[in-house]
Amino acid sequence: MTAVWENLTIDARDPSRLARWWAEALGYQVITDKPDEVEIRRTPETLPGLVFVPVSGPKQGKNRLHVDLRPTDLEAEVERLVDMGARHVDIGQGDVEWTVLADPEGNEFCVLHAR
């Protein structure tokens, strides 16, 4: 028997706001919006989803897990995400071929070149 990947859960000070930011970034839709969790998915039937849950304190330190995005145009996607509220961050990645950004709550993610 194997397990099915259902969700990736992300702590957030404002789960609804952060979930909506990621939904716009990924072209996803909000599936559930409750005070204790907000879930987004590509479609209601498509797994995995991203679930945002409330925490009281700010993010501290580098993420142990992060999302990689692979757009068709890295530069245009970085510009779009920064215009939406992402920011460039240095997590010690050095000189790499991808761009490291942080979402509005500071969660790092990478934007990769097209394959």
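V78 lies in helix α2 of this predicted model. Helices here are DSSP runs of H or I with at least four residues, strands are DSSP runs of E with at least two, and both are numbered from the N terminus. Because its relative accessible area is 10%, V78 is buried. Buried means under 20% relative accessible area, exposed means over 50%, and partly exposed is in between, with a 1.4 Å probe and protein chains only. Leaving aside neighbours within four places in sequence, V78 is in contact with H88, T99, L101 and V111. Contact means heavy atoms within 4.5 Å. V78 and G49 are 29 residues apart along the chain, and their C-alpha atoms are separated by 22 Å.

The model is predicted, so local features need pLDDT of at least 70 and side-chain atom pairs count only at pLDDT 80 or more, while totals for chains, interfaces and linings use all residues. Residues are numbered from 1 along each chain as its sequence is written, and side-chain values use heavy atoms, with hydrogens and water left out.

## The chain as a whole

The chain has two helices and eight strands. Read from the N terminus, the order of elements is β-α-β-β-β-β-α-β-β-β. Along its principal axes, the C-alpha trace spans about 40 × 35 × 35 Å. The radius of gyration, taken over C-alpha atoms, can be compared with a globule rule of 2.2 Å times the number of residues to the power 0.38. A compact globule of 115 residues would have a radius near 13 Å, and the 14 Å of the chain agrees with this.

Of the 115 residues, 37% count as buried. The chain exposes about 7,300 Å², and carbon and sulfur atoms supply 49% of that area. Accessible areas come from the Shrake-Rupley method with a 1.4 Å probe; for residues, only the protein chains shown count as cover. Among contacts between residues at least 6 apart in sequence, 53% join residues at least 24 apart.

## Domains

The chain is divided into domain 1 (7-56) and domain 2 (66-114). These bounds come from an automatic or database domain assignment. The centres of the two domains, taken over C-alpha atoms, are separated by 19 Å. Where they meet, 13 residues of domain 1 are in contact with 13 residues of domain 2.

UniProt, in an unreviewed entry, places the feature "domain: VOC" at residues 4-114. Such positions are given in the numbering used here, feature names are shortened, and annotations may be inferred rather than shown by experiment. Over residues 4-114 the chain is 21% helix and 32% strand, with the end C-alpha atoms 27 Å apart.

## Nonpolar cores

A nonpolar core is a set of buried Ala, Val, Leu, Ile, Met, Phe, Trp, Tyr and Cys residues joined through side-chain atoms within 4.5 Å. The largest one has 22 residues, and those with the most contacts inside it are W21, W22, F52, L81 and F109. At least two residues of this core come from each of β1 (7-12), α1 (15-26), β3 (37-41), β4 (49-54), α2 (74-84) and β8 (108-111). The largest share, six residues, is supplied by α1. Domain 1 (7-56) and domain 2 (66-114) each give this core at least three residues. Apart from this core lies another of five residues, including V89, V100, A102 and L112.

What does L81 touch, not counting residues up to four places away in sequence? L81 touches W21, A25, L69, A86, L101, F109 and V111.

## Loops and the end of the chain

The peptide bond from L47 to P48 is cis, with omega near 0°. P48 is in the loop between β3 and β4. N107 lies in another loop, the one between β7 (99-102) and β8.

L112 is found in the segment after β8. R115 and T72 are 43 residues apart in sequence, and their C-alpha atoms are 8.1 Å apart in space.

| Residue | Relative accessibility | Class |
|---|---|---|
| N107 | 13% | buried |
| L112 | 15% | buried |
| R115 | 83% | exposed |
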